[in-house]
Amino acid sequence: MIEFIAADTCNACQRCVEICPTAVFDATPAGPPRIARPESCQTCFMCELYCREDAIFVGPDAERIEGFDPETIRRAGLMGEMRRQHGWDEWQGDPRYPNDHWRMEQVFERARTLAAG
Amino acid sequence: MTTAMTDGFDLQTDVLVLGGGMAGAWAAIGARRAGAAVVLVEKGWVGTSGVTATAGPGHWWVPPADRPAAIARRLAQSGGLNQADWMQAILETTWDNLPTLADVYDFPRDDQGVPRYRALRGPEYMRALRRKMQALGVTIIDHAAAQGLLRHGDGSIGGARGLRVPSGAPWRVAAGAVVIATGGTAFRSHLLGAHNNTGDGYLMAVEAGAQLSGMEFTSVFCVAPARTTMTRTMSFAFATYYDADGAVLPIGGPDITRPLAQALRRGPVYADLSRTPADIRQRVPTISPNFMLPFHRWGIDPYQDRFPVTLYGEGTIRGIGGIAVETRDCATAVPALFVAGDAATRERVAGAISGGGNINSAWALSSGLWAGRGAARHAATVRRVDGGDPPPAPEPTSNPASGPASNLGGQRAEILAQVQRVMLSYDSGLWRDGATLRADLAGLNDAWQQLGQARGDIAGRELMAMLATARLSLTAALARRESRGIHQRLDYPETDPAQARRIRIGGLTHPVATPEPNPLELTA
């Protein structure tokens with residue numbers, strides 16, 4: 001579930017309010033959006049993908065807020081992982097983050113070969 | 001015209017598309033290509049909402065020369081009910097149209113420099129479809145939940161109405177034809193990206209007099225790390241499963257669902273991914289960028305550490321039931337109403353087993369394009385008949401939203417839990433029997449009576465749709481007195497050739513199952 005919006009890195013663009021598919025956030029006039037309906041969060045990580053400032057963090061547990069500490073998460077390098085791995089925005093074209101999705105069928109093929117062998 | 005997130009609106013168009021996932025987007029594209037003015041409304045946001053946006057659909061993608069063999073293979077394994085000509089048609093349509101996204105999707109090239117079209121990453125795919133629709137001039141309205149269809153005096157559909165999310169402001173669109181592309185439902189099982197998929201389109205269609213088909217084929221489950229939503233299964237091809245004592249469980253091969261479900265009935269099950277080859281481990285994050293997120297955040301190394309797993313029901317999303325398709329352009333039996341994607345039955349292409357990602361994706365693309373084109377052609381005839389005048393004011397097909405939100409919050413939670421118990425538990429889904437189905441259905445019918453007074457808001461309507469879908473599904477499951485494909489009954493364990501026919505289902509107060517008159521010829 002949605003854990004936090006880091007107030008110091010959020011630039012108040014309100015983009016997450018717009019793109020969240022389940023209307024978790026409410027816009028505010030100037031500051032970070034308000035997490036208005038956390039119970040509607042479907043733990044899809046899409047807000048992280050669309051946050052250019054890497055200011056949003058979603059916890060893996062789909063049923064409860066776990067209370068992750070923003071500073072610990074940031075120091076562990078876990079902010080923005082979704083966006084980076086997708087090669088989204090400024091990461092587009094970075095040779096470390098290619099779109100290898102098409103290789104999935106090769107992976108399944110390898111698994112079948114290993115199982116048969 | 002306003003599309004500010006919270007405002008109501010009142011519009012008129014040729015084609016109205018309900019739902020902005022993959023099928024809805026392709027429907028809008030198909031309708032625009034046929035020259036119609038198109039409005040698409042989406043409950044969430046086109047690009048992030050639905051099960052395509054959070055996954056990575058591979059399409060059924062077969063070169064022309066290999067198609068006869070691919071179709072024959074599928075017919076042989078899918079328990080009948082599907083048709084070679086429809087399968088051929090989705091293969092052709094997918095092959096011809098997926099590359100037309102090259103201006104909005106950066107198709108990667110393989111190690112030989114050949115562009116790979118078959119499988120697309122979800123968020124990138126939906127972003128591309130949004131851009132394509134914008135370039136074609138589709139009016140996209142996000143955060144607008146459809147609550148019901150509008151119907152003319154002659155019974156034909158003339159638009160839809162609904163509420164903005166979350167403001168609740170009312171909206172209404174009059175249209176010459178409507179495409180329902182609202183997806184399937186997994187009954188809020190935590191299947192990734194499925195929260196908005198509450199079966200709204202099934203409810204609207206049945207209210208308008210359409211039938212559903214294939215609703216007995218709903219027993220599909222997906223493995224995931226427990227408590228997460230991460231139903232990305234690729235890496236589980238290398239999983240080793242353990243019981244609570246650390247003993248390795250015999251779970252593997254092409255179908256892990258039944259052995260895993262049996263193990264989970266006995267107690268917690270754990271997995272690790274230690275058999276994953278090193279080169280694949282390295283590529284997992286660039287193949288499925290979201291798969292490792294839960295592990296990293298919990299400090300788990302899945303290649304060494306064991307983690308608890310669960311199975312999530314996928315309902316009609318990976319199941320195959322939906323609104324009955326009457327013609328090649330995906331018209332329903334209700335005039336001016338068309339259907340695409342998981343909202344439609346996929347029996348004609350998938351048969352009696354799950355279409356998996358491949359066939360379902362090819363179906364979503366193809367049925368979208370066909371329904372969009374069919375709706376555009378229908379809307380053009382409506383325009384001619386009316387001589388350019390607006391159609392007569394359509395009437396709602398269900399009671400319009402009225403009054404404050406129900407105060408039956410606790411009761412609603414109980415009803416959802418009841419629906420989930422029936423539709424998502426392994427016992428009810430994987431090992432069916434008549435007595436249990438009848439008891440479950442009686443319970444859901446009671447819940448339907450209770451819910452009758454409490455449907456005036458978005459959440460109430462969603463619950464009503466899930467409950468209606470569950471009742472229709474159980475009614476179909478009772479009517480199929482045999483085991484076929486993913487519908488397996490303990491009391492009728494054999495497949496009965498006389499029942500090689502699709503089962504139609506309709507009605508909300510008293511759902512009725514009607515087998516189609518003629519058994520389908522088994523091609524296999």
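Two strands count as paired if DSSP finds at least two bridges between them. In this predicted model, strand 10 (residues 269-272) of chain B and strand 11 (residues 307-313) of chain B meet that condition, pairing in the antiparallel sense over 3 bridges. One residue of this pairing can be named: B:Val269 has B:Val309, in strand 11 of chain B, as its bridge partner.

**The sheet in chain B**

Two packed helices are described by the angle between their axes and the distance between the axes. The table gives these values for two pairs.

| Helix pair (chain B) | Angle between axes | Distance between axes | Handedness of crossing |
|---|---|---|---|
| Helix 12 (residues 409-424) and helix 14 (residues 434-451) | about 155° | 11 Å | left-handed |
| Helix 2 (residues 67-77) and helix 3 (residues 84-97) | roughly 130° | within 10 Å | right-handed |

Helix 12 and helix 14 of chain B pack at an angle of about 155°. Because of this angle, helix 12 of chain B is roughly antiparallel to helix 14 of chain B. On the side of helix 12 of chain B, the contact is made by B:Gln411, B:Ile415, B:Gln418, B:Val419 and B:Val422. They meet B:Asp440, B:Gly443, B:Leu444, B:Ala447, B:Gln450 and B:Leu451 in helix 14 of chain B. By class, the residues of this contact divide into 6 nonpolar, 4 polar and 1 charged.

The axes of helix 2 and helix 3 of chain B cross at roughly 130°. Helix 2 and helix 3 of chain B are therefore oblique to each other. Helix 2 of chain B contributes B:Arg67, B:Ile71, B:Arg74 and B:Leu75 to the contact, and helix 3 of chain B contributes B:Ala84, B:Met87, B:Gln88 and B:Leu91. This contact has 5 nonpolar, 1 polar and 2 charged residues.

**Chain A**

Chain A contains 5 helices and 4 strands. Read from the N terminus on, its elements run β-α-β-β-α-β-α-α-α. Along its principal axes, the C-alpha trace of chain A spans about 60 × 35 × 30 Å. The radius of gyration of chain A is 17 Å, whereas a compact globule of 117 residues would have one near 13 Å.

**Where chain A touches chain B**

How many residues of each chain are in contact? The contact involves 37 residues of chain A and 48 residues of chain B. On the side of chain A that touches chain B, helix 1 (15-19), helix 2 (46-49), helix 4 (81-85) and helix 5 (104-116) of chain A each supply at least two residues. Helix 5 of chain A gives the most to this side, with 7 residues. By class, the side of chain A that touches chain B has 20 nonpolar, 8 polar and 9 charged residues.

Note on methods:
Residues are numbered from 1 along each chain as its sequence is written. Chains are lettered from A and ligands numbered from 1 in the order in which they are written. This is a predicted model: local features need pLDDT of at least 70, side-chain atom pairs count only at pLDDT 80 or more; totals for chains, interfaces and linings use all residues. Axes are lines fitted to C-alpha atoms, for helices over the stretch in contact, and angles run from 0 to 180 degrees between N-to-C directions. Angles under 35 degrees count as roughly parallel, over 145 as roughly antiparallel, 65 to 115 as roughly perpendicular and the rest as oblique. A crossing is left-handed if the near helix is turned anticlockwise from the far one by less than a right angle, and right-handed if clockwise. Two residues are in contact if their C-beta atoms, placed from the backbone, lie within 7 Å. Ala, Val, Leu, Ile, Met, Phe, Trp, Tyr, Cys and Pro count as nonpolar, Asp, Glu, Lys and Arg as charged, and the others, Gly among them, as polar. The radius of gyration is taken over C-alpha atoms; the globule rule is 2.2 Å times the number of residues to the power 0.38.
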